[in-house]
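Keep the model open while you read.

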Amino acid sequence: MATTSSRAEEILNDEALAEEELLDELENAEIPAYIREARLDMLKKHAVNLNEMKEKQHGQYTEITEEKKFLDLTTTEKKCIVHFYHSDFRRCAIMDTHLEALATKHFETKFAKINVDICKFFVEKLKIRTLPAVFCFINGQVVDKITGFEELGNTDDFQTSTLEGLLGISGVIQCTQEDKTKRQSLVLKNPVKMTTVTLVNRMKMIGIKLLCSNRNLMKGGLNITASRKSKANFDIFKLPSSF
């Protein structure tokens with residue numbers, strides 16, 4: 001289960017109480033002493049880790065104000081999510097609202113945003129051409145990205161849980177098996193909400209084996225036709241190629 005900001009505060013504010021509760025639990029279960037000691041040691045280390053995360057403003061959706069700080073963040077944090085945004089684009093503001101909510105729910109992952117105007121080198125390096133662009137990093141490596149609202153249903157009214165499910169697939173935030181199952185079901189039922197390439201990549205990422213033939217995607221006996229309207233019909237912010 002993901003550690004929320006409120007739960008992290010409880011552990012940090014009263015570590016002694018947490019240890020006492022754990023001891024009561026372990027004693028009632030008649031667990032051997034060596035296991036109790038190991039569990040207590042894990043609890044103490046967890047508290048230390050949470051304190052370090054708090055100092056790095058985990059639980060908050062913060063803004064990166066310098067290009068160098070983006071590199072520092074992604075190379076020092078085990079798990080982080082960075083939103084590349086532009087202040088003039090309303091869909092970036094919508095994305096901000098959802099990511100801010102998720103930052104308090106997933107304390108162990110660092111959430112941040114950076115204006116594309118101040119990080120042109122990384123915009124080019126990461127080949128960002130559509131905003132909003134949300135990149136997921138684990139140990140300094142890009143493990144997933146969500147660009148535009150295509151995978152979110154091409155609507156401004158998507159639920160935070162929909163975004164959470166997509167982010168959870170890569171492991172950058174904790175995702176329950178129930179969430180993963182829901183995401184698989186959604187991908188299979190709504191292929192028209194993604195381009196063929198996006199659909200194929202997403203299905204592979206969530207563990208669905210498939211065979212591709214032209215524009216038909218097949219899993220077992222299920223045929224899916226991946227057709228959709230032109231991207232030009234959707235409200236997507238495009239960065240100029242010379243950006």
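Contact here means heavy atoms within 4.5 Å. Leaving aside neighbours within four places in sequence, Thr-109 is in contact with His-58, Lys-79, Cys-80, Ile-81, Val-172 and Ile-173. Thr-109 sits in the loop between α5 and β3. Its relative accessibility is 3%, which counts as buried. Buried means under 20% relative accessible area, exposed means over 50%, and partly exposed lies in between (1.4 Å probe, protein chains only). Thr-109 and Glu-77 are 32 residues apart in sequence, yet their C-alpha atoms are 8.2 Å apart in space.

This is a predicted model: local features need pLDDT of at least 70, side-chain atom pairs count only at pLDDT 80 or more, and totals for chains, interfaces and linings use all residues. Residues are numbered from 1 along each chain as its sequence is written, and side-chain values use heavy atoms, with hydrogens and water left out.

**Overall picture**

The protein has nine helices and ten strands. Helices (H or I, at least four residues) and strands (E, at least two) are DSSP runs, numbered from the N terminus. Of the 243 residues, 42% count as buried. Among contacts between residues at least 6 apart in sequence, 69% join residues at least 24 apart. The accessible surface comes to about 13,500 Å², and 50% of it belongs to carbon and sulfur atoms. Accessible areas come from the Shrake-Rupley method with a 1.4 Å probe; for residues, only the protein chains shown count as cover.

**The sheet and its helices**

Five strands form an open sheet in the order β1-β3-β2-β5-β6, with mixed pairing. β1 (61-64) and β6 (141-147) stand at the edges, each with a single partner strand, so one side of each has no neighbour in the sheet. The twist averages 25° from one strand to the next. Two strands pair if DSSP finds at least two bridges between them. β2 (residues 79-85) and β3 (residues 110-115) pair in the parallel sense over six bridges. The bridge partner of His-83 in β3 is Lys-113.

Helix α4 (residues 67-76) lies across β1, β2, β3 and β5 (133-138), and runs at about 150° to β2. Helix α7 (residues 160-169) also packs on the sheet. Helix α7 touches β2, β5 and β6, and its direction makes about 150° with that of β6. Axes are lines fitted to C-alpha atoms, for helices over the stretch in contact; angles run from 0 to 180 degrees between N-to-C directions.

Helix α5 (residues 90-105) has 16 residues. Its first and last C-alpha atoms are 24 Å apart, close to the 22 Å expected at 1.5 Å a residue. The expected span is 1.5 Å times one less than the number of residues. The buried residues of α5 include Cys-92, Ile-94, Met-95, His-98 and Leu-99.

**Backbone exceptions**

Most residues other than glycine have a negative phi, and most peptide bonds are trans. Gln-57 has a positive phi of about 65° although it is not a glycine. Gln-57 lies in the loop between α3 (33-55) and β1, and is partly exposed at 38% relative accessible area. Lys-127 has a positive phi near 55°. Lys-127 lies in the loop between α6 (120-125) and β4, and is exposed at 66%. A cis peptide bond joins Leu-131 and Pro-132, with omega about -5°. Pro-132 is in the loop between β4 (130-131) and β5.

**Salt bridges**

How many salt bridges does a search of the whole structure find? The search finds seven. A salt bridge is a side-chain nitrogen of Lys or Arg within 4 Å of a carboxyl oxygen of Asp or Glu. Among them are these pairs:

| Pair | N to O distance |
|---|---|
| Glu-66 and Lys-69 | 3.8 Å |
| Lys-68 and Asp-72 | 3.1 Å |
| Lys-105 and Glu-164 | 3.0 Å |

Lys-105 lies in helix α5 and Glu-164 in helix α7, so this pair ties together parts 59 residues apart in sequence. Lys-105 is partly exposed at 39% relative accessibility, whereas Glu-164 is buried at 12%. Salt bridges that share partners also join Arg-90, Arg-91 and Asp-156 into one network. Lys-68 and Asp-72 are four residues apart in helix α4, separated by about one helical turn. Lys-68 is exposed at 56%, and Asp-72 is partly exposed at 32%.
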